[in-house]
Amino acid sequence: MSKEYNVAILGATGAVGRRMIDQLAKSTIPIKSVKLLASSRSAGTHLKFRDQDLVVEETTPDSFNGIDLVLSSAGGSVSKKFLPEAVKRGAVCVDNTSAFRMDEDVPLVVPEVNPEALKNHHGIIANPNCSTIQMVMALEPVRRKFGLKQIIVSTYQAASGAGQAAIDELKKESQDYLDGKDMHEDAQILPTKGDKKHYPLAFNLLPQIDVLEDSGYSHEEWKMIHETKKIMLNDMNSKDIKVTATCVRVPVPIAHGESVYFTVEDESATAEDIMDVIADFPGDVLQDDIKNQIYPQPINAEGSRDTFVGRIRPDYENKGAFNMWVVSDNLLKGAAWNTVENAEYLVKMGLI
């Protein structure tokens with residue numbers, strides 16, 4: 001008889017946490033029990049797992065007694081406080097925050113891209129940033145077949161990347177704009193809650209995601225650069241692939257878009273060759289039929305686990321260079337599903 005697992009979801013009441021519950025319910029993981037954990041403010045909330053009515057509990061270190069697997073998306077400070085406690089009690093944790101991503105001893109994993117990294121875990125596995133996940137999903141089959149020299153990405157990131165409150169703020173601002181009211185009073189969260197100024201996202205674009213560093217890059221851009229290198233090359237500072245990013249928040253509720261410019265080592269590669277390897281890669285869906293105006297759109301990606309890729313075309317000015325357009329649901333493949341999928345791989349590989 002196969003082992004069944006006691007699973008805890010930390011941050012269960014958040015936008016990603018609720019989707020983790022749904023994705024776990026649909027997963028292949030043999031489950032004995034599920035415990036839902038959150039802050040004292042959310043304790044007592046009732047949520048469904050399959051046909052069970054579960055009560056959310058306040059998180060304490062002892063919440064992890066008897067737990068085999070923790071799926072976490074409760075914020076970096078919460079992860080740093082509680083996940084080491086869970087590991088002490090024998091659990092394996094998959095964390096969807098930035099708390100451990102750049103820790104050398106913590107694998108940063110997109111299962112289709114670098115599953116072997118899971119073998120090096122010491123109790124914690126990190127989920128990459130949502131914008132990084134969909135980009136490496138699109139580029140990994142290209143890298144494997146033709147090599148990668150450089151990536152230049154511009155993101156078009158949905159409000160939901162900043163949580164449910166940011167979606168609610170976007171909707172309120174949009175209605176105020178249509179009613180002829182001042183939107184600025186509604187702006188309390190974006191571009192990032194912890195910064196000094198806040199601006200409306202409705203009918204606007206914000207070229208800042210996360211805090212702005214002294215280097216001139218936002219922390220989101222820094223994450224995309226270094227996470228990509230760690231995932232693909234197992235070295236966050238590798239010079240073997242050059243990566244740069246510009247990250248922009250756009251007035252879309254769910255699903256990020258990315259314009260990706262990349263150069264390959266094999267200059268004989270054609271756009272058709274690149275389409276073929278992407279179409280064959282698990283988790284990627286090629287949507288590239290320009291005669292019929294078929295290309296990825298956030299409104300169509302919402303609710304899907306897949307990464308959608310299209311508008312693949314060569315740069316006729318530079319041999320071996322190409323453009324593509326990538327879209328994925330940032331709350332699913334970019335967060336909840338990638339977390340649960342990592343857990344599925346841990347079970348399949350006998351690592352938990």
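In what order do the six strands of the open sheet stand? The order is β5-β2-β1-β6-β7-β8, and the pairing is parallel, where two strands pair if DSSP finds at least two bridges between them. This is a predicted model, in which local features need pLDDT of at least 70 and side-chain atom pairs count only at pLDDT 80 or more, while totals for chains, interfaces and linings use all residues. Residues are numbered from 1 along each chain as its sequence is written, and side-chain values use heavy atoms, with hydrogens and water left out.

**The sheet**
- Strands (E, at least two residues) and helices (H or I, at least four) are DSSP runs, numbered from the N terminus.
- β5 (57–58) and β8 (124–126) stand at the edges with a single partner strand each, so one side of each has no neighbour in the sheet.
- Strand β6 (residues 69–72) pairs with strand β7 (residues 92–95) in the parallel sense over four bridges, and Val-70 has Cys-93 in β7 as its bridge partner.

**Helix α4**
- α4 has 15 residues and reaches 22 Å from its first C-alpha to its last, close to the 21 Å expected at 1.5 Å a residue, a span that is 1.5 Å times one less than the number of residues.
- Among the buried residues of α4 are Ala-166, Ile-167 and Leu-170, where buried means under 20% relative accessible area, exposed over 50%, and partly exposed in between (1.4 Å probe, protein chains only).
- Leu-178, which is found in α4 (residues 164–178), is exposed, with a relative accessible area of 61%.
- Just after α4, Gly-180 takes a positive phi of about 80°.
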